[in-house]
Amino acid sequence: MLIPCPQCGPRDIREFTCKGHETYMHRPSPAAPPEAWDDHLHNRDNPAGPTREMWHHVAGCGAWLVVERNTVTHAVTGAMLAREVAR
Amino acid sequence: MRVSSTWQGESAASVTFTFNGQRVTGRAGDTVASALLANDIRLVGRSFKYHRPRGILTAGSEEPNALVTVGTGPDRMPNVRATVQEIYQGLEVVSQNHIGPLHRDLMAVNDVLHPFLGAGFYYKTFMWPRSFWERVYEPLIRRAAGLGALSGEAGGATSEKAYAFCDVLVIGAGITGIMAALTAAEAGADVILAEDAMVAGGQTGPQDGQIGDLAAGDWSQTRLDQLRAIPNVRVMLRTAVTGVYDDGSFAALERTGLHLPPGPDLPRETFWRIRAKQAVLATGALERPIAFPGNDRPGIMMTSAIATYAERFGVVPGRRIAVFATCDHAHRTIAALARQQGFSKLTVIDPRPDAVALGDYRLIAGAEVIGTRGRLGLREITIRKGGTEQRLEADCLGLSGGWNPSVHLTCHLGARPVWDEARAMFLPAPGAVPGLHPAGACNGTLSVAGCLREGQAAALTALRAMGRKPRAPALPDASDDPGRGRTLWAVAAKGRAWLDFANDVTTKDVKQAAQEGFTSVEHMKRYTTQGMAPDQGKSSNIGALAILADATGRTISTTGTTTFRPPFVPVTLKAMGAGAEGKGFAPERLTTSHAATLARGAPMIEAGLWYRPSYFPAKGETTWQQSCDREVRMVRATVGVVDVSTLGKIEIMGQDAGAFLDFLYTNTFSTLPVGRARYGLMLREDGHVMDDGTSARLAPEHFVMTTTTAAAGQVMAHMEFTAQALRPDLDVRFLSVTEQWAQFSVAGPLSRELMNSVLDDPIDDTAFPFMGCGAVKVHGIPARLFRISFSGERAYEIAVPARYGDALYRDLVARAEVLGGGAYGMEALNVLRLEKGFITHAEIHGRVTAFDIGMQGMLSGKKDFIGKAAAGRPGLLDPARERLVGLKPVDPDGVLTAGARLFKPEDPPEARNDQGYVTSVGQSPNLGHMIALAFLRHGPEREGHEIMMIDALRGIRTKVEVVPPVFFDREGGRARG
C-alpha cells in the first residue's frame, strides 16, 4: 500500500503505523457523559468499505495523518495532516 | 540421451555432480533434470503418500514430482525442483521420501495398501481409541509426514533482500513479455523484465515457425540481447515474481547464486520487493495433463517438457516416444521434433477421430491411452481405439491436454479467475489487479501473432496509464493460428488415474470426496489434499476441479476455483527473512560507556534494543549476587556511577510548552520554576498509566523530559499525536535527543563531592537543591546537571553531548573508586529502587491505574489532561482492585519470585481464589532478606496481614507479610540531603 503523505508524497505503508479510526482525535469534553467517553474509547464500527483512520508517518516526517481508505479494496483515496483536520 | 553438445549455440563444458552418491556428468547449462535425463536416469523420487516411483513431469518451476534435496550441512535444501536447480561442479543431489534405496523403497507397501488409504483415510482411521491420539497416532503420522528434511544446522550461506523501482514491470520473458518490454523500453519507460527460467523464450520453439525473419525459437534471445543494451531496461533472469500486493508492489525471488558453487559474498537467493507504476503479466500457460490409469510412471511427462529438453538441452528423454494429445499444438511440436536428431519413432495418440498428422510421425486418431506398464519406469502403454485395445512399446509418453493460463498472480488481491467455456480455460478476471495488464498465453491467447499483439497492446495501455503517448511500432509477421483442441480431463477406464502427482490424489479420491458431501471445491481440496503439495497443484488443480464439477453435476464455472495465494513458487524463509538472522533480527543500541563497561568485565543484559551492564564483578566474587550486594552497599555508603543514557530524552520548546506538559501529565508543570525538575505521571486516554519520568525546566519555554527506556518510542509517538491531532492550538515543538546526550547517574552520600571534582564551578545545595537542575560545565564542556534520584540517595544526573560520554564515564568511575565507590549495574539499580518502592514497567505494565499504584493524588483536579475522564470511572477506583504493596518473607530466609501468585493462607491455591501477583523481587543487603513489589486485592488495606505466595512454576511457597512499598528511608531524607 502507498499512503500519500501531504509532506513527503506517496510512501510505502511500512513507514507508517496505524492507530485506528479517526475517532481518536475527536476527544469529548472533560465534562461529557460517560457514554460519550465510552464511545470514544471503546466503540468502533468495522466498516466494509470507506473509512478514515489515524496513521503516523513514524519512519518519515513524523506527521499524524487522517487517511481515507477502503477496507475492501485497500484503495487509499486521500490523506490529510491531522493538524489541519483538527483546526 | 544427449543428442547435441551445444548450449545456446556454443559447445558446453562438462560438469560432474552426484545423485544419491552416484557421479553423473552433465554439461554447463543443464538442470538436474536435464542432466539425469541425458544419462537415462528416469527414477528421481517417490510420491508422498503411496511412495510410487516418480520421474520428471515438466521442465519448469511447476514440477510436482522431481523434488530433491541439494547441498550439504547448513546449506542443505529440501524439496528443490530438479527442473529448476542448475548443476555445478560438485553439487550433491539426493532423492527424497523413501526408506532404503530409491529403487527399493520399503514404504512402497503403502501402494499395495492403497484401497485402504483413499481420501479421508486419516480422518476415518485415526479416530479411535481416543487414548491413541497423542501416544500412537501422532508419532506415527509425524514420521510419515513431511517431504525432505532440513539439516537443523544454523548458519550457512547468506541470502539477501533488495528493493527495485520501475515504471513498467514485465513478468515473464516469453515472446509476449519481450514484446511488451521492447514497447515500453522504446517509449523511454524504466522497465524491469523478470523471468523465472534461466533463459528467455518460454514455450516458443520450432513448432511456431517464423517471427519476422527469425526462427520463432531464436526471436526471444535476439530481442533479449537488444533489451539488455537499453540503459532503462533491467533484465532479471532466474527471478520468479512470487506475489502481488497493493499499489503496484510485487515480491520476487531471484536464484542469485543457487546455480553456482557456494562462495564468499555470493548470496544464494535475493528476495526482491519491486514497486512498479504499471505491470504487464506475461506468465504464459502450463500444459494440462490428462488423467488415465497409470499416468504417473517415470517417463511420462508433458509434451512441452519433451520439446524443452530437446531444444534447450539437446536431450531426448526416450528412445520410443509416444504422445497422448488432444490439441493441434502438440502435433506441431511433434512434427518439429520429428525433424530433429534422436526422434525417430514417434507416435501420437489423439482422441479426435478427425486428427491429421502434421509431420513425419505415426498418428493413431480416435484413440486413448488407458493403461501403462513398467515398475520403475514406463515400458509400454495400452491404447484403446473403438472397441479394441493394443499395446505399444514406449519409454516416454508425452501428455498434452491443452493449456492452463498462469493466472495465479491476478488472484493475489482476491479476484477469482473467470471460466471461458469456448476456450475451456480459466482467464484473468478483468481489472483483477489495478495496473496489471495480462497478455498472451496467460490471457488465453495462444497464437504467436496474438501473443506479440497483446504484449504490445498491454505495454501501450500501461504507458498511457502513466500519461505517456507512445507509438505502436509495426509487429513482426507470425502465425495467427492458435490451433484447435478438444477438452479431455480424464479417460473413462478402470484403474487409478492421477491428478495431483505430488500428493497422490486420484480421480477416484475427488469423486469420493463429492460422494461424501465435500462438494465445495475448498472442502474437496482439504479432504483430498489436492493441490496442497509444494507445487500447489499448478498442473492438477484445474483437472481436479473439472472432475469435481462432473461428479456433482455442475459446470466448472459454478464449481469455482480454490484461492491462489502468494507465493507463486516456494520461497525459503532464509530469503524472505534475509538480514534478520541472529543479531540482524534486532539492531543493537550501544551506550557511550559500552567499551568501558565491557573492559570492566560486566556481563551485558538487553533492555529493549539497548545493552546495559548487569553487574561489575570484583576480585574474589563468584556469583552475581555477591557483586550486586556489594554495589548496593557501595551506593548507600559512598558513591556509585551508572549510565542512564538509555532513558528517553525529549527536548520540548515553545511558549505553550508548559501547557502542553500539563495536558500530557496528570500533574502540573506550567507552574514549575526554571531550574527545577518534577516527577510526572502520564496516562493513556483510557485512564491507565502509560509512563512516568521527570521533566526539568531549563528556561521559561524550554523543558527536557525523560521517559523510561522501555516506553521512549511510545511516548514520543503519543506526544506527536497529542500535539498534532488533539492540541494543534498549542505553540510547542519537541525532538527526541536520546542519542545526542550521554547521561550518567552519580548516586550516594559522596556524590556531591565526586561531582565537584569534575565540575568547573563547584555546586552547593542552594544552587542545586533536591530536584534542582541547570547548565554547568564539566572539564570545560557545557553540560546539564539534574539532582534527581532513582536510588533514594543524594544523586545527580550529568548529561554531556554523546561524543564526550566515553571519556566522562571513565573519569567518573575512576574518581568514584578513589572515594571508595565505583560503577554499578542493573541488578544493583533494581535493588536500590525496590528498597525505595520506585516503580518500573514491571509495575506500570499497561493494566494499572494511578489509583492502583497509590498515586491517585497526582491526578490534578484543576485542569484537563489525557486520561482524566477515564481514570475517574468507578471501576478503576474500586478498593478491591489489585493495588501496589510491598512484601517481605515472614521467615527472613524465605524466597520471593517475580510472577508468583498470591493467596489467602487458608484458601486452596486455585485461580478463583487468586489475590494478586508479584511484579519485582530483590535481595536487600541492607535489610537482610528478600523484598518484593506486588499487586494485591485491597492492597494497602491489608498491610500487616500474612499472605501465601505461590510460584507453581518453580514449586515455591512462601508466607509473606504485606508492608508499605517503601522499605528503606521512608521519609526520604537521604535523597533530599
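**Figure 1. Surroundings of Thr694(B) in the predicted model.** Thr694(B) touches Tyr665(B), Arg678(B), Tyr679(B), Val704(B), Met705(B), Thr706(B), Met771(B) and Ile788(B), leaving aside residues up to four places away in sequence; contact means heavy atoms within 4.5 Å. Thr694(B) lies in strand 38 (residues 689-699) of chain B. Helices (H or I, at least four residues) and strands (E, at least two) are DSSP runs, numbered from the N terminus. With a relative accessible area of 14%, Thr694(B) is buried. The classes of accessibility are buried, under 20% relative accessible area, exposed, over 50%, and partly exposed in between, with a 1.4 Å probe and protein chains only. This is a predicted model, in which local features need pLDDT of at least 70 and side-chain atom pairs count only at pLDDT 80 or more, while totals for chains, interfaces and linings use all residues. Residues are numbered from 1 along each chain as its sequence is written, chains are lettered from A and ligands numbered from 1 in the order in which they are written, and side-chain values use heavy atoms, with hydrogens and water left out.

**Figure 2. Thr283(B) in a loop of chain B.** The loop between strand 17 (270-281) and strand 18 (285-287) of chain B holds Thr283(B). Thr283(B) has a relative accessible area of 27% and is therefore partly exposed. Not counting residues up to four places away in sequence, Thr283(B) touches Ile171(B), Ser406(B), Leu409(B) and Cys442(B). The side chain of Thr283(B) reaches the backbone oxygen of Ser406(B) at 2.8 Å. Thr283(B) and Gly177(B) are 106 residues apart in sequence, and their C-alpha atoms are 7.9 Å apart in space.

**Figure 3. Strand 44 of chain B and its partners.** Strand 44 (residues 795-801) of chain B is mostly covered, with 7 of its 7 residues buried. Strand 41 (residues 741-747) of chain B runs antiparallel to strand 44 and is joined to it by 7 bridges; two strands pair if DSSP finds at least two bridges between them. Trp741(B) stands opposite Pro801(B) of strand 44. Strand 43 (residues 781-786) of chain B is also antiparallel to strand 44, with 3 bridges joining the two. Here Leu785(B) has Ile798(B) of strand 44 as its bridge partner.

**Figure 4. The interface of chain B and chain A.** In this interface, 24 residues of chain B are in contact with 24 residues of chain A. The two chains bury about 2000 Å² between them, 53% of it on carbon and sulfur atoms; buried area is the accessible area (1.4 Å probe) that two parts lose on being put together, summed over both. The rule finds 3 salt bridges across the interface, a salt bridge being a side-chain nitrogen of Lys or Arg within 4 Å of a carboxyl oxygen of Asp or Glu. Arg27(A) forms a salt bridge with Glu685(B), and the closest N and O atoms are 2.4 Å apart. Strand 17, helix 18 (712-726) and helix 22 (868-871) of chain B each supply at least two residues of the side that touches chain A. Helix 18 gives the most to this side, with 7 residues.

**Figure 5. Chain B as a whole.** Chain B has 23 helices and 51 strands. The C-alpha trace of chain B spans about 110 × 70 × 55 Å along its principal axes. Of the 977 residues of chain B, 58% count as buried.

Note on methods: A polar contact is a pair of N or O atoms within 3.5 Å; within protein, one must be able to donate a hydrogen and the other to accept it, and residues adjacent in sequence count only if both atoms are side-chain atoms.
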